[in-house]
Amino acid sequence: DNSCFTALTFFTLEEFYGGDLVFPEYNIKVNAVENRMVIFPGFVLHGSEDVTKGIRVSMAQFLNYRAGN
């Protein structure tokens with residue numbers, strides 16, 4: 001994405017496996033846990049692992065700002 005910051009929140013509607021957030025350039029994986037919010041610079045390469053069972057629900061918010069006015 002091209003946002004200044006991205007905020008990703010995970011929710012659980014049913015049991016699921018997989019769907020963790022990954023930052024491949026840094027070899028970091030963040031587990032998709034109920035009510036966990038991860039905020040990171042939008043320009044950092046990121047993705048998610050495949051969900052192997054159930055449905056993972058998340059909400060992404062893209063935050064931008066303008067200096068001045």
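Two strands count as paired if DSSP finds at least two bridges between them. The views below show a predicted model.

**Figure 1. Strands β3 and β4 in an open sheet of three strands.** The order of the strands is β4-β3-β6, and their pairing is antiparallel. β4 (28-30) and β6 (47-48) are the edge strands; each has a single partner strand, so one side of each is left without a neighbour in the sheet. Strand β3, which covers residues 21-23, is joined to β4 by three bridges, and the two run antiparallel. Within this pairing, Val22 has Lys29 of β4 as its bridge partner.

**Figure 2. The open sheet formed by β5, β1 and β8.** Three strands are arranged in the order β5-β1-β8 with antiparallel pairing. The edges are held by β5 (37-41) and β8 (57-63), each of which has a single partner strand, so one side of each lacks a neighbour in the sheet. On average, neighbouring strands of this sheet are turned by 20 degrees against each other, direction ignored. Seven bridges connect β1 and β8 in the antiparallel sense. Along this pairing, Thr6 stands opposite Phe62 in β8.

Figure 3. A polar atom of the Ser3 side chain lies 3.0 Å from the backbone oxygen of Phe5. The Ser3 side chain also makes a polar contact with the side chain of Thr6, at 3.0 Å. When neighbours within four places in sequence are left aside, Ser3 is in contact with Gly42, Phe43, Phe62, Leu63 and Asn64. One of these residues, Phe62, is the residue of β8 that stands opposite Thr6.

**Figure 4. The aromatic pair of Phe23 and Phe40.** The model contains one aromatic pair. The rings of Phe23 and Phe40 are arranged edge-to-face, with 5.0 Å from centre to centre and 80 degrees between the planes. This pair links distant parts of the chain, as Phe23 belongs to strand β3 and Phe40 to strand β5, 17 residues apart. Phe23 and Phe40 are both buried.

**Figure 5. The largest nonpolar core, with ten residues.** The members of this core are Leu8, Phe10, Phe16, Leu21, Phe23, Val30, Ala32, Val38, Phe40 and Val44. The elements β1, β3 and β5 each give two or more residues to the core. Both residues of the aromatic pair, Phe23 and Phe40, are among the core members. Val44 touches Phe23 and Tyr26, residues up to four places away in sequence not being counted.

Figure 6. Asn27 is located in the loop between β3 and β4. With a relative accessibility of 73%, Asn27 counts as exposed. Asn35 is located in the loop between β4 and β5.

Note on methods:
Residues are numbered from 1 along each chain as its sequence is written. This is a predicted model: local features need pLDDT of at least 70, side-chain atom pairs count only at pLDDT 80 or more; totals for chains, interfaces and linings use all residues. Side-chain values use heavy atoms; hydrogens and water are left out. A polar contact is a pair of N or O atoms within 3.5 Å; within protein, one must be able to donate a hydrogen and the other to accept it, and residues adjacent in sequence count only if both atoms are side-chain atoms. Contact means heavy atoms within 4.5 Å. Helices (H or I, at least four residues) and strands (E, at least two) are DSSP runs, numbered from the N terminus. Axes are lines fitted to C-alpha atoms, for helices over the stretch in contact, and angles run from 0 to 180 degrees between N-to-C directions. Rings of Phe, Tyr and Trp (its six-membered ring) pair if their centres lie within 6.5 Å; planes under 30 degrees apart count as stacked, over 60 as edge-to-face and the rest as tilted. Buried means under 20% relative accessible area, exposed over 50%, partly exposed in between (1.4 Å probe, protein chains only). A nonpolar core is a set of buried Ala, Val, Leu, Ile, Met, Phe, Trp, Tyr and Cys residues joined through side-chain atoms within 4.5 Å.
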